[in-house]
Amino acid sequence: EICEADMVIVPAGIIEDQGKTIKDRPYTELLTNKANGIKIPPAPSNGHAEAPTIEGTWVRNMQSGPSIYVGNTSEQKHRDEQAYYGYAYAENIKKLRTKNFDPDERGVPLEYFSWDRVIVDECHECLVSTKRQDQVSRSTEFKVQARRGAREFLGVGCTDASARPLVARTAFWGLTGTPLLETEARVTELANLMGGTYLTGSAHHWRKEERESGRDIFLNQQEEGSKSREYRCAIHNSCHDYVGAACQRNRGEQLAVQLERKQIVVNMTESDGAKFLKSIKVVNLESYSIRPDQLGEKAGDVLTVTASSTARREALFEIIDSIQKDEPHTKIIIFANAVYGGHESALSGLKSSGRKFCHVDDSHSVLEQNEIISWFRHTDATEEDRARPRILLLSFNQAAGHNLQEACHHVIMYDPMYSGSDAVADASVEEQALGRVMRQGQREDVTCYRILVRGPNGEKCLDDCIIERNLDEDVLRAATSNFD
(Lines give C-alpha, C1' and ligand atoms only; values in the text may rest on other atoms or scores of the structure.)
Protein backbone atom coordinates (compact mmCIF):
# COMPACT_ATOMS: atom_id res chain seq x y z
CA GLU A 1 0.00 0.00 0.00
CA ILE A 2 2.82 2.38 0.81
CA CYS A 3 4.51 1.73 -2.51
CA GLU A 4 1.33 2.49 -4.43
CA ALA A 5 0.36 5.58 -2.43
CA ASP A 6 0.88 9.11 -3.75
CA MET A 7 1.27 10.44 -0.24
CA VAL A 8 1.94 8.95 3.21
CA ILE A 9 0.99 11.04 6.25
CA VAL A 10 2.51 10.22 9.65
CA PRO A 11 3.03 12.16 12.89
CA ALA A 12 6.62 13.41 13.22
CA GLY A 13 6.84 11.87 16.68
CA ILE A 14 5.64 8.44 15.55
CA ILE A 15 8.56 6.61 17.12
CA GLU A 16 7.47 7.91 20.53
CA ASP A 17 3.75 7.17 20.19
CA GLN A 18 2.71 5.34 23.34
CA GLY A 19 1.08 1.94 23.50
CA LYS A 20 -1.03 0.43 26.26
CA THR A 21 1.45 1.40 28.95
CA ILE A 22 3.62 4.49 29.34
CA LYS A 23 6.74 2.49 28.35
CA ASP A 24 5.26 0.76 25.31
CA ARG A 25 6.36 2.09 21.92
CA PRO A 26 4.55 -0.01 19.25
CA TYR A 27 6.39 1.55 16.32
CA THR A 28 9.93 1.00 17.59
CA GLU A 29 8.97 -2.52 18.69
CA LEU A 30 7.84 -3.21 15.12
CA LEU A 31 11.09 -1.75 13.78
CA THR A 32 13.15 -3.91 16.14
CA ASN A 33 11.26 -7.05 15.11
CA LYS A 34 11.57 -6.40 11.37
CA ALA A 35 15.28 -5.62 11.70
CA ASN A 36 16.03 -8.42 14.19
CA GLY A 37 17.89 -5.76 16.13
CA ILE A 38 18.40 -4.53 19.68
CA LYS A 39 15.59 -3.11 21.79
CA ILE A 40 15.06 0.64 21.49
CA PRO A 41 14.20 2.25 24.86
CA PRO A 42 11.68 5.11 25.17
CA ALA A 43 13.23 8.53 24.59
CA PRO A 44 14.78 10.00 27.73
CA SER A 45 12.53 12.71 29.13
CA ASN A 46 15.47 14.76 30.38
CA GLY A 47 17.91 16.82 28.38
CA HIS A 48 15.95 16.41 25.14
CA ALA A 49 17.90 19.29 23.62
CA GLU A 50 20.98 17.12 23.24
CA ALA A 51 21.45 15.14 20.04
CA PRO A 52 22.68 11.54 20.25
CA THR A 53 26.07 11.81 18.58
CA ILE A 54 29.28 13.76 18.96
CA GLU A 55 31.14 14.42 15.74
CA GLY A 56 33.79 17.00 16.40
CA THR A 57 36.94 17.99 18.18
CA TRP A 58 37.35 18.99 21.78
CA VAL A 59 38.05 22.71 21.89
CA ARG A 60 40.75 23.10 24.52
CA ASN A 61 40.85 25.68 27.30
CA MET A 62 37.17 25.12 27.95
CA GLN A 63 35.74 24.64 31.40
CA SER A 64 35.16 20.93 30.92
CA GLY A 65 36.41 18.53 28.27
CA PRO A 66 34.88 15.32 26.96
CA SER A 67 36.09 13.23 29.90
CA ILE A 68 36.12 15.87 32.62
CA TYR A 69 32.78 16.54 34.31
CA VAL A 70 33.45 18.38 37.54
CA GLY A 71 30.38 17.95 39.72
CA ASN A 72 28.38 16.85 36.69
CA THR A 73 27.91 13.13 37.26
CA SER A 74 24.13 13.10 36.92
CA GLU A 75 24.35 15.10 33.70
CA GLN A 76 26.72 12.49 32.29
CA LYS A 77 24.18 9.77 33.05
CA HIS A 78 21.57 11.72 31.07
CA ARG A 79 23.98 12.12 28.17
CA ASP A 80 24.65 8.38 28.18
CA GLU A 81 20.90 7.68 28.03
CA GLN A 82 20.54 10.10 25.11
CA ALA A 83 23.47 8.54 23.29
CA TYR A 84 22.21 4.97 23.71
CA TYR A 85 18.73 5.91 22.52
CA GLY A 86 20.15 7.34 19.30
CA TYR A 87 22.59 4.44 18.89
CA ALA A 88 19.90 1.75 19.28
CA TYR A 89 17.61 3.48 16.77
CA ALA A 90 20.42 3.97 14.23
CA GLU A 91 21.64 0.36 14.53
CA ASN A 92 18.16 -1.00 13.88
CA ILE A 93 17.84 1.17 10.77
CA LYS A 94 21.17 -0.13 9.43
CA LYS A 95 20.05 -3.74 9.92
CA LEU A 96 16.60 -3.02 8.48
CA ARG A 97 18.11 -1.70 5.24
CA THR A 98 20.05 -4.92 4.69
CA LYS A 99 16.80 -6.93 4.60
CA ASN A 100 14.73 -7.93 1.58
CA PHE A 101 10.95 -7.84 1.92
CA ASP A 102 8.34 -9.38 -0.36
CA PRO A 103 6.04 -6.90 -2.19
CA ASP A 104 3.09 -8.10 -0.11
CA GLU A 105 4.92 -7.82 3.25
CA ARG A 106 2.89 -5.83 5.75
CA GLY A 107 4.18 -3.50 8.46
CA VAL A 108 7.49 -2.58 6.81
CA PRO A 109 8.82 0.43 8.76
CA LEU A 110 9.02 3.82 7.06
CA GLU A 111 12.81 3.95 7.49
CA TYR A 112 13.20 1.13 4.97
CA PHE A 113 11.95 3.17 2.01
CA SER A 114 13.55 5.91 -0.06
CA TRP A 115 11.12 8.80 -0.47
CA ASP A 116 10.83 11.22 -3.35
CA ARG A 117 10.07 14.19 -1.09
CA VAL A 118 9.68 14.62 2.66
CA ILE A 119 7.57 17.56 3.86
CA VAL A 120 7.52 18.44 7.56
CA ASP A 121 4.65 20.64 8.72
CA GLU A 122 5.31 22.88 11.74
CA CYS A 123 8.96 21.93 11.41
CA HIS A 124 9.99 24.19 14.30
CA GLU A 125 8.47 21.65 16.69
CA CYS A 126 11.25 19.19 15.78
CA LEU A 127 14.01 21.65 16.59
CA VAL A 128 15.47 22.26 20.02
CA SER A 129 13.30 24.36 22.32
CA THR A 130 13.41 25.64 25.87
CA LYS A 131 11.88 24.09 28.97
CA ARG A 132 9.54 27.10 29.11
CA GLN A 133 8.19 26.26 25.65
CA ASP A 134 7.66 22.64 26.69
CA GLN A 135 5.57 23.69 29.69
CA VAL A 136 2.79 24.83 27.40
CA SER A 137 1.49 21.27 27.13
CA ARG A 138 -0.65 19.58 29.76
CA SER A 139 1.34 16.37 29.36
CA THR A 140 4.67 18.15 29.40
CA GLU A 141 6.93 15.13 29.87
CA PHE A 142 5.47 13.22 26.95
CA LYS A 143 5.62 16.31 24.76
CA VAL A 144 9.34 16.48 25.48
CA GLN A 145 9.72 12.81 24.57
CA ALA A 146 7.61 13.22 21.43
CA ARG A 147 9.81 16.08 20.24
CA ARG A 148 12.91 14.06 21.05
CA GLY A 149 11.50 11.24 18.94
CA ALA A 150 10.67 13.61 16.09
CA ARG A 151 14.20 14.99 16.11
CA GLU A 152 15.55 11.45 15.93
CA PHE A 153 13.06 10.46 13.20
CA LEU A 154 14.14 13.38 10.99
CA GLY A 155 17.82 12.86 11.67
CA VAL A 156 18.45 16.32 13.11
CA GLY A 157 21.69 15.18 14.76
CA CYS A 158 22.93 13.14 11.78
CA THR A 159 25.30 14.87 9.37
CA ASP A 160 25.25 12.05 6.82
CA ALA A 161 22.01 12.56 4.85
CA SER A 162 22.11 9.00 3.45
CA ALA A 163 22.15 7.53 6.96
CA ARG A 164 19.17 9.49 8.23
CA PRO A 165 16.00 7.58 9.11
CA LEU A 166 14.08 9.27 6.29
CA VAL A 167 15.96 9.43 2.99
CA ALA A 168 14.57 11.84 0.37
CA ARG A 169 15.71 11.61 -3.27
CA THR A 170 14.67 15.17 -4.12
CA ALA A 171 14.69 17.20 -0.91
CA PHE A 172 13.25 17.90 2.51
CA TRP A 173 10.80 20.75 2.91
CA GLY A 174 9.92 22.34 6.24
CA LEU A 175 6.77 24.42 6.68
CA THR A 176 6.30 26.82 9.58
CA GLY A 177 4.99 30.24 10.46
CA THR A 178 7.10 30.40 13.60
CA PRO A 179 10.47 32.22 13.72
CA LEU A 180 13.16 29.56 13.35
CA LEU A 181 16.10 31.64 14.45
CA GLU A 182 15.00 32.68 17.93
CA THR A 183 17.83 30.73 19.59
CA GLU A 184 21.38 29.92 18.56
CA ALA A 185 20.66 26.23 19.12
CA ARG A 186 17.83 26.32 16.57
CA VAL A 187 20.07 28.06 14.04
CA THR A 188 22.67 25.35 14.56
CA GLU A 189 20.22 22.49 14.11
CA LEU A 190 18.48 24.06 11.13
CA ALA A 191 21.77 24.60 9.36
CA ASN A 192 22.80 21.02 10.10
CA LEU A 193 19.49 19.61 8.90
CA MET A 194 19.86 21.47 5.60
CA GLY A 195 23.28 20.13 4.83
CA GLY A 196 25.71 20.95 7.60
CA THR A 197 27.95 23.89 8.24
CA TYR A 198 30.51 25.14 10.70
CA LEU A 199 29.08 27.82 12.97
CA THR A 200 30.82 30.16 15.33
CA GLY A 201 28.82 31.33 18.29
CA SER A 202 28.75 31.82 22.02
CA ALA A 203 27.24 29.39 24.49
CA HIS A 204 27.29 28.65 28.20
CA HIS A 205 28.23 25.01 27.71
CA TRP A 206 30.19 24.19 24.57
CA ARG A 207 29.57 20.43 24.72
CA LYS A 208 25.80 20.89 24.76
CA GLU A 209 26.02 22.93 21.57
CA GLU A 210 28.37 20.41 19.97
CA ARG A 211 25.92 17.59 20.65
CA GLU A 212 23.02 19.59 19.23
CA SER A 213 24.73 20.32 15.94
CA GLY A 214 26.74 17.13 15.40
CA ARG A 215 29.50 19.44 14.04
CA ASP A 216 32.70 21.10 15.22
CA ILE A 217 31.69 24.32 16.94
CA PHE A 218 34.40 26.73 17.98
CA LEU A 219 33.12 28.86 20.82
CA ASN A 220 34.38 32.26 21.84
CA GLN A 221 33.17 31.75 25.41
CA GLN A 222 32.32 35.42 25.76
CA GLU A 223 29.91 35.07 28.63
CA GLU A 224 29.22 38.79 28.93
CA GLY A 225 28.76 39.07 25.18
CA SER A 226 26.29 36.20 25.10
CA LYS A 227 23.99 38.20 27.35
CA SER A 228 24.19 41.30 25.18
CA ARG A 229 21.35 42.14 22.82
CA GLU A 230 23.78 43.54 20.22
CA TYR A 231 25.92 40.41 20.31
CA ARG A 232 22.88 38.15 20.05
CA CYS A 233 21.57 40.06 17.03
CA ALA A 234 25.00 39.92 15.39
CA ILE A 235 25.14 36.13 15.87
CA HIS A 236 21.68 35.70 14.41
CA ASN A 237 22.58 37.99 11.51
CA SER A 238 25.76 36.12 10.56
CA CYS A 239 24.13 32.70 10.92
CA HIS A 240 21.28 33.87 8.77
CA ASP A 241 23.68 34.51 5.87
CA TYR A 242 24.04 30.75 5.60
CA VAL A 243 20.49 29.79 6.49
CA GLY A 244 19.05 32.39 4.11
CA ALA A 245 20.92 30.84 1.20
CA ALA A 246 19.90 27.28 2.03
CA CYS A 247 16.33 27.89 3.21
CA GLN A 248 13.80 29.27 0.77
CA ARG A 249 11.41 31.38 2.78
CA ASN A 250 8.04 31.63 1.08
CA ARG A 251 6.63 34.87 2.38
CA GLY A 252 3.70 35.03 -0.01
CA GLU A 253 2.32 38.31 -1.24
CA GLN A 254 2.89 41.39 0.87
CA LEU A 255 -0.05 42.11 3.15
CA ALA A 256 -2.22 44.87 1.77
CA VAL A 257 -3.59 45.81 5.20
CA GLN A 258 -1.96 48.14 7.72
CA LEU A 259 -0.95 47.45 11.32
CA GLU A 260 -1.51 50.16 13.91
CA ARG A 261 0.08 49.75 17.33
CA LYS A 262 -1.56 51.75 20.14
CA GLN A 263 -0.32 52.15 23.68
CA ILE A 264 -2.88 52.90 26.36
CA VAL A 265 -1.02 54.49 29.28
CA VAL A 266 -2.62 54.33 32.74
CA ASN A 267 -1.40 55.09 36.25
CA MET A 268 -1.50 52.69 39.19
CA THR A 269 -3.83 53.45 42.06
CA GLU A 270 -2.18 54.67 45.25
CA SER A 271 -2.80 51.29 46.91
CA ASP A 272 -1.23 49.38 44.01
CA GLY A 273 1.66 51.84 44.09
CA ALA A 274 2.20 51.08 47.77
CA LYS A 275 2.22 47.33 47.00
CA PHE A 276 4.77 47.93 44.25
CA LEU A 277 7.13 49.90 46.50
CA LYS A 278 6.79 47.28 49.22
CA SER A 279 7.67 44.48 46.79
CA ILE A 280 10.86 46.22 45.59
CA LYS A 281 11.97 47.19 49.07
CA VAL A 282 13.25 43.64 49.67
CA VAL A 283 15.96 44.30 47.05
CA ASN A 284 16.76 47.75 48.49
CA LEU A 285 15.04 49.71 45.71
CA GLU A 286 12.69 52.63 46.30
CA SER A 287 11.86 54.07 42.86
CA TYR A 288 9.18 53.20 40.31
CA SER A 289 11.74 53.73 37.53
CA ILE A 290 13.49 50.39 37.71
CA ARG A 291 14.45 47.67 35.24
CA PRO A 292 13.56 43.98 35.61
CA ASP A 293 17.23 42.97 35.67
CA GLN A 294 17.69 45.03 38.86
CA LEU A 295 15.24 42.75 40.66
CA GLY A 296 17.02 39.46 40.08
CA GLU A 297 15.01 36.47 41.28
CA LYS A 298 12.48 38.83 42.90
CA ALA A 299 11.32 40.09 39.49
CA GLY A 300 8.35 37.71 39.53
CA ASP A 301 6.91 39.17 42.75
CA VAL A 302 7.08 42.73 41.41
CA LEU A 303 5.75 41.86 37.94
CA THR A 304 2.79 40.13 39.59
CA VAL A 305 1.85 43.43 41.26
CA THR A 306 1.88 45.38 37.99
CA ALA A 307 0.18 42.58 36.02
CA SER A 308 -2.76 42.41 38.42
CA SER A 309 -3.16 46.16 39.01
CA THR A 310 -6.64 47.67 39.11
CA ALA A 311 -5.65 50.27 36.51
CA ARG A 312 -4.76 47.54 34.01
CA ARG A 313 -8.17 45.92 34.35
CA GLU A 314 -9.99 49.22 33.97
CA ALA A 315 -7.93 50.03 30.88
CA LEU A 316 -8.91 46.66 29.39
CA PHE A 317 -12.61 47.42 29.88
CA GLU A 318 -12.23 50.89 28.35
CA ILE A 319 -10.49 49.46 25.26
CA ILE A 320 -13.19 46.81 24.82
CA ASP A 321 -15.97 49.41 25.21
CA SER A 322 -14.35 51.78 22.70
CA ILE A 323 -13.97 49.00 20.11
CA GLN A 324 -17.50 47.70 20.57
CA LYS A 325 -18.96 51.21 20.42
CA ASP A 326 -17.77 51.54 16.81
CA GLU A 327 -18.00 47.85 15.88
CA PRO A 328 -20.55 46.14 18.15
CA HIS A 329 -20.29 42.76 16.39
CA THR A 330 -16.52 42.59 15.96
CA LYS A 331 -14.49 39.84 17.63
CA ILE A 332 -11.64 40.77 19.96
CA ILE A 333 -8.59 38.67 20.93
CA ILE A 334 -6.86 39.35 24.26
CA PHE A 335 -3.41 37.91 24.99
CA ALA A 336 -1.96 37.90 28.52
CA ASN A 337 1.17 36.60 30.19
CA ALA A 338 0.31 33.56 32.31
CA VAL A 339 3.72 33.46 34.03
CA TYR A 340 3.27 36.45 36.36
CA GLY A 341 -0.48 36.51 36.85
CA GLY A 342 -1.57 38.68 33.92
CA HIS A 343 -3.80 35.98 32.45
CA GLU A 344 -5.40 35.25 35.81
CA SER A 345 -5.97 38.98 36.37
CA ALA A 346 -7.65 39.42 32.98
CA LEU A 347 -9.72 36.27 33.50
CA SER A 348 -11.03 37.27 36.93
CA GLY A 349 -11.62 40.84 35.72
CA LEU A 350 -13.71 39.73 32.75
CA LYS A 351 -15.70 37.37 34.97
CA SER A 352 -16.47 40.07 37.54
CA SER A 353 -17.40 42.58 34.83
CA GLY A 354 -20.24 40.39 33.60
CA ARG A 355 -19.03 40.56 30.01
CA LYS A 356 -19.59 37.54 27.79
CA PHE A 357 -16.25 36.05 26.77
CA CYS A 358 -14.49 32.77 26.02
CA HIS A 359 -11.24 31.26 27.21
CA VAL A 360 -9.59 27.85 27.05
CA ASP A 361 -7.75 26.06 29.84
CA ASP A 362 -6.79 22.60 31.01
CA SER A 363 -10.32 21.90 32.24
CA HIS A 364 -11.53 21.88 28.64
CA SER A 365 -11.12 18.76 26.53
CA VAL A 366 -9.22 19.08 23.25
CA LEU A 367 -12.56 18.89 21.43
CA GLU A 368 -13.98 21.73 23.54
CA GLN A 369 -10.88 23.86 23.03
CA ASN A 370 -11.03 23.40 19.27
CA GLU A 371 -14.74 24.28 19.21
CA ILE A 372 -14.19 27.49 21.19
CA ILE A 373 -11.31 28.59 18.97
CA SER A 374 -13.34 27.78 15.85
CA TRP A 375 -15.95 30.37 16.87
CA PHE A 376 -13.31 33.07 16.39
CA ARG A 377 -11.82 31.57 13.26
CA HIS A 378 -14.75 32.31 10.95
CA THR A 379 -17.21 35.12 10.38
CA ASP A 380 -20.73 34.68 11.69
CA ALA A 381 -23.09 32.80 9.39
CA THR A 382 -26.13 32.16 11.58
CA GLU A 383 -28.06 33.80 14.43
CA GLU A 384 -26.49 31.21 16.74
CA ASP A 385 -23.05 32.43 15.67
CA ARG A 386 -23.99 36.05 16.28
CA ALA A 387 -25.26 35.22 19.78
CA ARG A 388 -21.87 33.86 20.88
CA PRO A 389 -19.34 35.92 22.90
CA ARG A 390 -17.27 38.52 21.05
CA ILE A 391 -14.16 38.28 23.27
CA LEU A 392 -11.54 35.50 23.39
CA LEU A 393 -8.90 35.47 26.14
CA LEU A 394 -5.71 33.47 25.49
CA SER A 395 -2.38 33.28 27.22
CA PHE A 396 0.74 33.91 25.14
CA ASN A 397 1.45 30.19 25.53
CA GLN A 398 -1.73 29.46 23.58
CA ALA A 399 -0.84 31.75 20.66
CA ALA A 400 0.66 29.22 18.26
CA GLY A 401 -1.18 27.55 15.42
CA HIS A 402 -4.43 29.55 15.24
CA ASN A 403 -5.71 31.30 12.10
CA LEU A 404 -8.00 34.07 13.31
CA GLN A 405 -7.54 36.57 10.50
CA GLU A 406 -10.88 35.95 8.81
CA ALA A 407 -13.04 37.12 11.71
CA CYS A 408 -10.76 39.25 13.93
CA HIS A 409 -8.75 42.43 13.45
CA HIS A 410 -8.46 43.77 17.02
CA VAL A 411 -5.76 42.42 19.37
CA ILE A 412 -5.23 43.53 22.97
CA MET A 413 -1.98 42.68 24.78
CA TYR A 414 -3.03 42.85 28.40
CA ASP A 415 0.52 42.86 29.75
CA PRO A 416 3.92 42.56 28.05
CA MET A 417 5.64 39.21 27.58
CA TYR A 418 8.60 38.84 29.91
CA SER A 419 10.36 35.60 30.77
CA GLY A 420 13.83 36.81 31.66
CA SER A 421 16.81 38.29 29.86
CA ASP A 422 16.02 36.85 26.41
CA ALA A 423 14.42 39.82 24.63
CA VAL A 424 14.40 38.04 21.26
CA ALA A 425 12.41 35.08 22.60
CA ASP A 426 9.89 37.35 24.35
CA ALA A 427 9.43 39.55 21.28
CA SER A 428 8.96 36.49 19.08
CA VAL A 429 6.17 35.26 21.37
CA GLU A 430 4.39 38.62 21.13
CA GLU A 431 4.80 38.76 17.35
CA GLN A 432 3.53 35.20 17.06
CA ALA A 433 0.43 36.21 19.04
CA LEU A 434 -0.14 39.23 16.79
CA GLY A 435 0.44 36.98 13.78
CA ARG A 436 -2.74 35.04 14.58
CA VAL A 437 -4.60 38.03 13.11
CA MET A 438 -1.96 39.89 11.05
CA ARG A 439 -1.47 37.28 8.35
CA GLN A 440 -2.42 36.32 4.80
CA GLY A 441 -6.20 36.37 4.40
CA GLN A 442 -6.71 39.45 6.58
CA ARG A 443 -8.90 42.01 4.80
CA GLU A 444 -9.18 44.68 7.51
CA ASP A 445 -6.52 46.95 8.96
CA VAL A 446 -5.30 45.46 12.25
CA THR A 447 -5.08 47.37 15.53
CA CYS A 448 -2.91 46.08 18.38
CA TYR A 449 -3.54 47.71 21.77
CA ARG A 450 -0.97 47.52 24.56
CA ILE A 451 -1.74 48.46 28.14
CA LEU A 452 1.18 50.28 29.77
CA VAL A 453 0.97 50.77 33.54
CA ARG A 454 3.00 53.51 35.23
CA GLY A 455 3.38 54.76 38.79
CA PRO A 456 0.56 56.63 40.59
CA ASN A 457 1.86 59.98 39.33
CA GLY A 458 2.86 58.83 35.86
CA GLU A 459 6.36 57.63 36.80
CA LYS A 460 7.88 55.35 34.17
CA CYS A 461 7.85 51.78 35.45
CA LEU A 462 8.57 48.17 34.47
CA ASP A 463 6.07 48.16 31.60
CA ASP A 464 7.93 51.01 29.88
CA CYS A 465 11.20 49.14 30.04
CA ILE A 466 9.83 45.76 28.88
CA ILE A 467 7.65 47.13 26.07
CA GLU A 468 10.47 49.34 24.77
CA ARG A 469 12.76 46.30 24.80
CA ASN A 470 10.25 44.02 23.04
CA LEU A 471 9.55 46.61 20.33
CA ASP A 472 13.19 47.47 19.69
CA GLU A 473 13.82 47.37 15.93
CA ASP A 474 16.85 45.07 16.12
CA VAL A 475 15.10 42.72 18.55
CA LEU A 476 12.04 42.48 16.27
CA ARG A 477 14.26 41.73 13.27
CA ALA A 478 15.92 38.90 15.16
CA ALA A 479 12.61 37.66 16.59
CA THR A 480 10.96 37.44 13.18
CA SER A 481 14.07 36.15 11.36
CA ASN A 482 13.77 39.20 9.11
CA PHE A 483 17.33 40.15 8.18
CA ASP A 484 16.67 41.39 4.64
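This is a predicted model: local features need pLDDT of at least 70, side-chain atom pairs count only at pLDDT 80 or more; totals for chains, interfaces and linings use all residues.

Trainee: Switching to rings. How many aromatic pairs are there?

Mentor: The count comes to seven. One of them joins Tyr-112 and Phe-113 edge-to-face, with 5.7 Å centre to centre and 85° between the planes. Tyr-112 is partly exposed at 26%, while Phe-113 is buried at 17%.

Trainee: What about Phe-335 and Phe-396, stacked or edge-to-face?

Mentor: That pair is stacked, with centres 6.1 Å apart and 10° between the planes. Phe-335 lies in strand S6 and Phe-396 in the loop between strands S8 and S9, so the pair ties together parts that are 61 residues apart in sequence. Both Phe-335 and Phe-396 are buried.

Trainee: Which residues form an aromatic cluster?

Mentor: Phe-101, Tyr-112, Phe-113 and Trp-115 form one.

Trainee: Where do the charged ends of Arg-312 and Lys-331 sit?

Mentor: Arg-312 has its charged end over the ring of Tyr-414, 5.9 Å from the centre. For Lys-331, the charged end sits over the ring of Phe-376, also 5.9 Å from the centre.

Trainee: Now the helix. How many residues does H11 have, and what does it span?

Mentor: Helix H11 covers residues 310-326, which is 17 residues. From first C-alpha to last it reaches 25 Å, close to the expected 24 Å.

Trainee: Which residues of H11 are buried?

Mentor: Among them are Arg-312, Ala-315, Phe-317 and Ile-320. In general, residues three or four places apart on an α-helix point the same way, because there are 3.6 residues a turn.

Trainee: Last one: what does the side chain of His-359 make a polar contact with?

Mentor: The side chain of Asp-361, at 3.2 Å. His-359 is in strand S7 and is buried, with 15% relative accessible area. Beyond its neighbours within four places in sequence, His-359 is in contact with Leu-347, His-364, Ile-372, Leu-392 and Leu-393.

Conventions:
Residues are numbered from 1 along each chain as its sequence is written. Side-chain values use heavy atoms; hydrogens and water are left out. Helices (H or I, at least four residues) and strands (E, at least two) are DSSP runs, numbered from the N terminus. Buried means under 20% relative accessible area, exposed over 50%, partly exposed in between (1.4 Å probe, protein chains only). A polar contact is a pair of N or O atoms within 3.5 Å; within protein, one must be able to donate a hydrogen and the other to accept it, and residues adjacent in sequence count only if both atoms are side-chain atoms. Contact means heavy atoms within 4.5 Å. The expected span of a helix is 1.5 Å times one less than its number of residues. Rings of Phe, Tyr and Trp (its six-membered ring) pair if their centres lie within 6.5 Å; planes under 30 degrees apart count as stacked, over 60 as edge-to-face and the rest as tilted. A charge sits over a ring if NZ of Lys or CZ of Arg is within 6 Å of the ring centre and within 35 degrees of the ring normal.
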